[in-house]
Amino acid sequence: MSDSAKLSRMALESGAIRLSPEKPFTWASGYKMPIYNDNRLLLGKEEYRSFISQIFVKYSKTSIEKLDVIAGTATAGIPHATTLADRLKKPLIYVRAVAKTHGMGNQIEGQLTEGQNVLLIEDLISTGGSAINAVNAIRKSGGIVEHCLCIFSYGFSDTQRRFDEINCNYHSILTFPDLLQEAQSMQILSNEQIESLHIWHQDPFKWAGRKGF
């Protein structure tokens, strides 16, 4: 079984990813979507955390030429960045959404030296906003960040465009097409539901209106 198939099963069985074309979820943006992702549920088992870090290690060793520091996005990226940093024996930092308004006013916590190569870890990439914000913060502080890894991504075309614009590669262990393929293999969805999810993925932000939700 492939890495993506194993992670799909973990996510679906733990409830970290839920699929519901008939009763869509309301995202924080207000859009109604037939999928919901909460990767915090993958923190509950050591085997899940270990598996995710193993894949991150594999990717970092084969795709990244020089790596000095692991960075996690606050808060969901921090635990996975921590596990990865421990495995690779690298320094760890994390990046807040905004700088603190007290103390030292830091947006980046931990030691980052100008010119260091940083790998950013995020749990989920949807539109890419939080990860791109973190990339910009790291670069503003003198770090070099060209790669972002995440557990799951919806694979929106506009997200890829945004990462291309800032010259940063992003890679997801699990993509939506991989997830759907495994869900179909597990026979947890009907053919009609699978088709509805395919249609959603082609134009996700207009899907609910066309369905009458």
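Q: Rings of Phe, Tyr and Trp (for Trp, the six-membered ring) pair if their centres lie within 6.5 Å, and a pair is stacked with planes under 30 degrees apart, edge-to-face over 60 and tilted for the rest. How many aromatic pairs does a search of the whole structure find?
A: The search finds eleven aromatic pairs. The model is predicted: local features need pLDDT of at least 70 and side-chain atom pairs count only at pLDDT 80 or more, whereas totals for chains, interfaces and linings use all residues. Residues are numbered from 1 along each chain as its sequence is written, and side-chain values use heavy atoms, with hydrogens and water left out.

Q: What sort of pair do Phe 152 and Tyr 154 form?
A: Phe 152 and Tyr 154 are edge-to-face, at 5.3 Å centre to centre with 75 degrees between the planes. Tyr 154 also pairs with Phe 156, and that pair is stacked, at 5.5 Å and 15 degrees.

Q: Is Phe 152 buried or exposed?
A: Phe 152 is buried, with a relative accessible area of 0%. Buried means under 20% relative accessible area, exposed over 50% and partly exposed in between, with a 1.4 Å probe and protein chains only. Tyr 154 is buried at 3%, and Phe 156 is buried at 6%.

Q: Which residues form the aromatic cluster?
A: One cluster is formed by Trp 27, Tyr 31, Phe 152, Tyr 154, Phe 156, Phe 176, Trp 200 and Phe 205.

Q: Turning to cysteines, how many disulfides does the structure hold?
A: The structure holds zero disulfides, a disulfide being a pair of cysteine sulfur atoms within 2.5 Å. For Cys 148, the nearest cysteine sulfur is that of Cys 168, 5.9 Å away.

Q: New topic: what is the strand order in the open sheet of six strands?
A: The order is 7-6-5-8-9-10, with mixed pairing. Two strands pair if DSSP finds at least two bridges between them. Strands (E, at least two residues) and helices (H or I, at least four) are DSSP runs numbered from the N terminus. Strand 7 (108–109) and strand 10 (169–175) are the edge strands, each pairing on one side only.

Q: In which sense do strand 5 and strand 6 pair?
A: Strand 5 (residues 69–73) and strand 6 (residues 92–95) pair in the parallel sense, over four bridges. Ile 70 stands opposite Leu 92, and the bridge partner of Ala 71 is Ile 93.

Q: Which residues does a cis peptide bond join?
A: Ala 74 and Thr 75 are joined by a cis peptide bond, with omega about 0 degrees. Thr 75 is in the loop between strand 5 and helix 3 (78–88). Most residues other than glycine have a negative phi, and most peptide bonds are trans.

Q: What is phi of Asn 167?
A: Phi of Asn 167 is near 55 degrees, a positive value in a residue other than glycine. Asn 167 lies in the loop between helix 5 (157–165) and strand 10 and is exposed at 62% relative accessibility. Gln 187 also has a positive phi, near 60 degrees. Gln 187 sits in the loop between helix 6 (176–186) and helix 7 (191–202) and is exposed at 69%.
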